[in-house]
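Have the model open while you read.

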Amino acid sequence: MYGQRPLADLRWVLRGIAANQIARFFPDRYVRMTGHTGRGADESSARQIADYFWSCFYDYFEILGIPASDIGRYLKGKTVLEYGPGDVPAVAFLMLAHGADAAVCVDRFELYRPSPASAEVLGLLLDDLEGAARLRGEVCFRTPLDPASGLAEPSFRYVCQDYGLSGLRDEADLIISRAALEYANDLSATFADMRAAMRADGIAIHKVDLAGQRCDDDHPLSFLTYPRVLWWAMCSHKNTVNRWRIDHYRRLLVEHDLETVSLEPTALADRRLVDEVRPRLASCFRGVSDRDLSWLGFWMVLRKPTSRPAGWRA
Ligand SMILES: C[S@@+](CC[C@H](N)C(=O)[O-])C[C@H]1O[C@@H](n2cnc3c(N)ncnc32)[C@H](O)[C@@H]1O
């Protein structure tokens with residue numbers, strides 16, 4: 001934790017600041033140098049990555065209460081917007097193959113480019129498909145049946161912008177993200193973008209990881225001990241987490257007039273972890289309650305007030 005070992009802190013901070021400047025002036029090189037996939041290093045083979053994306057895809061429908069056999073019916077004619085897809089637009093591909101009209105992926109960093117690695121994963125997903133989904137999947141590519149050619153516009157759109165915003169207006173029926181909102185460099189702007197993009201009967205489903213950032217120790221919250229200005233100097237141009245806690249997300253929901261359908265933690269830190277970090281917290285986190293500090297991740301389902309999203313059965 002910051003402040004416990006001054007020399008190690010100094011080394012860590014100087015390294016962070018230098019890397020941040022490389023990311024600032026040579027963003028493409030930085031993304032290539034760090035081999036950033038967006039997913040972390042848990043899955044290594046193309047098969048494991050493809051399976052990871054299958055589980056992401058099914059999670060959304062499980063939350064919507066839509067059985068696998070009804071996914072095609074639900075997606076028919078719909079536009080899906082995904083924030084932060086990472087280096088393979090695999091969920092967008094699965095949405096299109098299962099019947100979505102359009103899939104828009106937005107990111108702040110251009111992690112996706114048609115490459116042999118992304119083609120291998122998309123190829124495996126295509127091979128997994130059957131029946132109508134398989135037929136639709138085959139023609140999702142610029143060259144039908146060839147994942148190496150990349151996903152075809154206009155049904156697929158990949159937008160890269162400084163703040164990872166879509167700029168859509170009343171177009172998205174289903175808005176999704178996985179391990180992306182915690183990276184948003186202007187979370188309030190992302191919420192405003194999401195609200196503007198969402199159709200009146202649309203729905204947004206996000207999985208947020210609040211403990212994904214590890215420092216030079218193994219404590220899941222030690223990154224909250226770095227003073228705000230140091231964190232900014234080390235990370236502002238990198239693909240690094242914004243550190244906002246659940247209390248801030250709740251405030252943004254009110255500020256942007258979004259209704260919470262559900263907000264459930266995926267993991268909670270135990271008392272010991274919170275007690276350990278509490279005395280060392282950066283001043284900007286001292287007002288966060290112990291309970292809120294313990295949220296290590298969550299699922300969040302949102303809609304516009306008074307709307308009844310199509311397909312929502314709760
Ligand atoms: C940890 S990765 C998750 C990738 C993918 N969703 C997955 O589950 O494998 C975080 C993603 O969020 C993206 N990201 C970073 N800043 C963003 C922003 N301001 N708006 C949207 N996406 C952003 C990253 O570039 C990356 O694609």
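E82 is a buried residue without a salt bridge, and the nearest oppositely charged side chain, R178, sits 8.2 Å away. Bear in mind that this is a predicted model. E82 belongs to strand β1, and R178 has a salt bridge with D59.

**Around E82 and R178**

- Leaving aside residues up to four places away in sequence, E82 is in contact with V91, A92, V104, C105, V106 and I176.
- R178 counts as buried too, because its relative accessibility is 14% and the cut-off for buried is under 20%.
- In the D59–R178 salt bridge, the closest N and O atoms are 2.6 Å apart.
- D59 comes from helix α3 and R178 from strand β6, so this pair ties together parts of the chain that lie 119 residues apart in sequence.

**The sheet**

- Seven strands make up an open sheet with mixed pairing, and their order is β5-β2-β1-β6-β7-β9-β8.
- At the edges you'll find β5 (156–160) and β8 (259–268), each of which pairs on one side only.
- On average, neighbouring strands of this sheet are turned by 15° against each other, ignoring direction.
- Strand β2 (residues 102–107) runs parallel to β5, and five bridges join the two.
- If you want a spot to look at there, C105 stands opposite Y158 in β5.

**Helices on the sheet**

- Helix α3 (residues 46–64) packs on the sheet and touches β6, β7 (198–209) and β9 (295–303).
- The direction of α3 makes about 130° with that of β6.
- Helix α5 (residues 90–97) lies across β1 (79–83), β2, β5 and β6.
- Relative to β2, α5 runs at about 170°.

**S177 in β6**

- S177 sits in strand β6, which spans residues 172–178.
- Is S177 buried or exposed? It's buried, since its relative accessible area is 0% and anything under 20% qualifies.
- The contacts of S177, not counting residues up to four places away in sequence, are Y60, Y83, I205, H206 and K207.

- K78 is in the loop that runs between α4 (71–75) and β1.
- With 13% relative accessibility, K78 still falls in the buried class.
- Where does the K78 side chain reach? It gets to the backbone oxygen of Y74, at 2.8 Å.
- K78 and D101 are 23 residues apart in sequence, yet their C-alpha atoms are 5.3 Å apart in space.

**The β3–β4 hairpin**

- β3 and β4 form a hairpin with two residues between them.
- L145, in the turn, has a positive phi of about 75°.
- T143 has D146 in β4 as its bridge partner.
- R142 forms a salt bridge with E153, with 3.3 Å between the closest N and O atoms.
- That pair links distant parts of the chain, eleven residues apart: R142 is in strand β3 (residues 141–143), and E153 is in the loop between β4 (146–151) and β5.
- R142 is partly exposed, at 45% relative accessible area, and E153 is also partly exposed, at 48%.

**Other salt bridges**

- How many salt bridges are there? The count comes to 20.
- E110 and R113 make one of these, with the closest N and O atoms 3.8 Å apart.
- Both ends of that pair are partly exposed: E110 has a relative accessible area of 40%, and R113 is at 38%.

**Helix α9**

- Among the residues of helix α9 (residues 228–235), W231, A233, M234 and C235 are buried.
- Helix α1 (6–25) is part of what covers those buried residues.

Terms used
Residues numbered from 1 in each chain as written. Predicted model: local features only at pLDDT ≥ 70, side-chain atom pairs only at ≥ 80, totals over all residues. Heavy atoms only, no water. Helix = DSSP H or I, 4+ residues; strand = E, 2+ residues; numbered from the N terminus. Buried < 20%, exposed > 50% of the residue type's maximum accessible area, 1.4 Å probe, protein only. Contact = heavy atoms within 4.5 Å. Pairing = 2+ DSSP bridges. Axes fitted to C-alpha atoms, helices over the stretch in contact; angles between N-to-C directions. Polar contact = N/O pair within 3.5 Å; in protein donor to acceptor, adjacent residues only side chain to side chain. Lys, Arg positive; Asp, Glu negative; His and termini not counted. Salt bridge = Lys/Arg side-chain N within 4 Å of Asp/Glu carboxyl O.
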